[in-house]
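Subject: Structure handover

Hello,

Here is the structure I promised to pass on. My notes follow below it.

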Amino acid sequence: MKILLASSEVHPFSKTGGLADMVSALGKALAHAGHEARIVTPLYRGIREKYPQLRREDWIFDLPLGSTRVRAELWSLELQPGLVIWFVDQPEFYQRAGLYLENNQDYADNAARFVYFSKCAAHLARYSPWRPDVIHVHDWQVALVPALILPQKIAEGWGNPPPTCLTIHKLAYQGWFPATAFSLTTLPRDFFTLNGAEFYGQMNCLKAGIVYADAITTVSPRYAREITTEAMGCSLDDRLRMRQHQLFGILNGVDYDEWNTSANSFLPHAYSVTRMAGKTANKLALQKEMGLPERKEVPLFGTISRLAEQKGVDIELGALAEMLSADIQFVLLGSGSPVFEQGYRELAARFPDKVAVRVGYSEALSHRIEAACDFFLMPSHFEPCGLNQMYSLRYGTIPVVRATGGLDDSVIDYSQSPARATGIKFFEYSARALAKAMRKALAIYEHPALLRQYRRNAMQADFSWEQTVNEYVRVYSLINPNSAGPKTVQTPE
Ligand code: ADP
């Protein structure tokens with residue numbers, strides 16, 4: 001099958017969160033399974049310099065955007081056999097310091113930037129000699145693609161366009177813009193109605209995707225149920241309920257080629273489920289790196305996160321203030337809201353021997369923290385899937401999570417199965433409930449045999465993409481029953 005994935009971020013070229021990891025891992029997994037995948041994404045600043053092997057394609061986009069036309073080039077890179085990344089090069093739109101914002105301010109022309117990118121994706125699907133069987137778009141930035149295809153099918157002679165699948169990674173981010181932005185799409189006016197892209201007088205890109213895509217998926221089964229409820233549907237629950245029969249929850253997989261403890265250049269010490277000494281060595285190394293007392297016996301908690309309300313940062317700060325009277329350490333790597341950044345800095349100033357904070361973004365440090373910690377805190381208010389808890393499991397770092405979305409789907413609490421428990425869950429969204437869960441963590445830590453069992457269960461939990469990819473292929477086959485299966489079946493390395 002030939003699948004065109006469209007995403008505004010793709011690891012390792014651009015990333016602000018789990019979307020980048022998921023799209024890249026899905027592309028790789030599809031290729032491993034013998035399909036042909038291409039991922040189209042913007043060419044952001046720095047990518048060409050970092051990847052000199054990028055090739056310019058003999059291809060120019062010249063597409064209407066509102067009342068003007070905008071030109072762009074196409075560049076490409078074959079990431080592995082069966083997986084090509086297509087980069088849309090429009091320097092004025094994409095060669096910037098940030099992907100979506102700078103100094104905490106969204107770019108004022110985000111509507112133009114992503115309507116244009118969506119148009120490029122649809123254009124490639126129609127005119128490239130490589131004809132996809134399915135177009136799979138991710139999040140609001142490309143959620144207009146299904147709508148952009150429809151009039152071309154109805155009135156502009158695109159005989160048999162590929163069906164579309166929309167994956168919602170974060171329902172809360174919908175791409176809302178003033179009604180005037182709709183003219184950028186150059187879609188017929190009847191696409192801007194209650195049953196289309198219009199939403200309380202504004203343009204809502206994600207809503208358009210929910211209405212017009214042939215299938216909708218989201219990144220965990222529980223989140224798929226949650227988003228059809230008024231409490232968690234971010235005002236789109238009625239639309240999602242209308243599409244309930246085409247809505248599927250598929251838990252993300254983990255790219256274990258990248259996230260592993262035995263062959264990982266980011267980690268000073270390798271370890272595995274049968275040879276755990278390296279984990280302690282990583283802990284001592286991280287304590288040293290972060291300026292904390294090097295004490296292997298002290299329980300070390302960690303968080304790596306966007307510092308946004310969604311992530312439960314407010315209750316984490318509250319719980320830590322309470323728990324730091326105990327003999328524990330805490331490390332944070334994160335960035336985001338200045339208020340939260342300041343909150344953690346103040347905590348580190350108050351408890352210099354117990355708390356170390358790095359405000360910023362570092363892939364290497366994120367691996368070292370995952371490897372070094374005993375417990376990973378993820379008290380999210382809501383969590384479509386969440387990846388860090390799954391990375392923690394593989395690293396033998398027991399996740400302490402609020403039972404929501406993908407966190408609930410991927411972590412097993414003692415109360416669910418004493419023999420198979422991999423982490424600690426709590427339910428109430430409060431600092432008190434998180435502090436109580438942290439006390440449970442400390443109780444486990446005091447019983448080495450129990451801690452070993454949790455770690456063993458965690459490290460053996462399998463969230464590899466082989467299973468996940470089959471579920472996506474099933475959805476693709478549902479919307480395009482005529483598409484062929486894998487061309488050649490390759491054995492994963
Ligand atoms: P979300 O997509 O909501 O941000 P996920 O848990 O799904 O949350 O994915 C977050 C991804 O981003 C993980 O790979 C995590 O390690 C990474 N990440 C988040 N913040 C940072 C940071 N400050 N430095 C390095 N990696 C980070």
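Gln244 has a relative accessible area of 41%, so it is partly exposed. Gln244 sits in the loop between helix H8 (237–242) and strand E14 (247–249). Its C-alpha atom is separated by 26 Å from that of Leu187, 57 residues apart along the chain.

Please keep in mind that this is a predicted model.

**The chain overall**

The chain has 17 helices and 20 strands. Its length is 493 residues, for which a compact globule would have a radius of gyration near 23 Å; the chain has 23 Å, so the two agree. Along the principal axes, the C-alpha atoms fill a box of roughly 70 × 50 × 45 Å. Buried residues account for 60% of the 493. Take the contacts between residues at least 6 apart in sequence: 71% of them join residues at least 24 apart. The accessible surface is about 20,100 Å², and carbon and sulfur atoms hold 52% of that. On charge, there are 51 positive and 51 negative, and their mean positions lie 2 Å apart.

**Thr167 and its surroundings**

Thr167 belongs to strand E9 (residues 164–168). Its relative accessibility is 0%, so Thr167 counts as buried. Which side chains make polar contacts with that of Thr167? One is His136, at 2.6 Å. Another is Thr217, at 2.5 Å. Leaving aside residues up to four places away in sequence, Thr167 touches His136, Val137, His138, Asp139, Thr217, Val219 and Tyr472.

With 6% relative accessibility, Asp139 counts as buried.

**Two other backbone features**

Asn104 also has a positive phi without being a glycine, at about 65°. It is placed in the loop between strand E6 (101–102) and strand E7 (105–106). Asn104 counts as partly exposed, at 46% relative accessibility.

A cis peptide bond joins His11 and Pro12, with omega about 10°. Pro12 is in the loop between strand E1 (2–6) and helix H1 (18–32).

Why is helix H6 (residues 205–212) described as largely enclosed by the rest of the structure? Because 7 of its 8 residues are buried. They are Cys205, Leu206, Lys207, Ala208, Gly209, Ile210 and Tyr212. Asn204 caps the N-terminal end of H6. One of its side-chain oxygens lies 3.1 Å from the backbone nitrogen of Leu206.

Helix H10 spans residues 313–323. Its buried residues are Val313, Ile315, Glu316, Leu317, Ala319, Leu320 and Met323. What do they pack against? The helices are H11 (338–350) and H15 (431–445). The strands are E15 (300–307), E16 (329–336), E18 (375–378) and E20 (424–426).

Best wishes

Terms used
Residues are numbered from 1 along each chain as its sequence is written. This is a predicted model: local features need pLDDT of at least 70, side-chain atom pairs count only at pLDDT 80 or more; totals for chains, interfaces and linings use all residues. Side-chain values use heavy atoms; hydrogens and water are left out. Buried means under 20% relative accessible area, exposed over 50%, partly exposed in between (1.4 Å probe, protein chains only). Helices (H or I, at least four residues) and strands (E, at least two) are DSSP runs, numbered from the N terminus. A polar contact is a pair of N or O atoms within 3.5 Å; within protein, one must be able to donate a hydrogen and the other to accept it, and residues adjacent in sequence count only if both atoms are side-chain atoms. The radius of gyration is taken over C-alpha atoms; the globule rule is 2.2 Å times the number of residues to the power 0.38. Contact means heavy atoms within 4.5 Å. Accessible areas come from the Shrake-Rupley method with a 1.4 Å probe; for residues, only the protein chains shown count as cover. Lys and Arg count as positive and Asp and Glu as negative; His and the chain ends are not counted. The place of a charge is taken as NZ of Lys, CZ of Arg, CG of Asp or CD of Glu.
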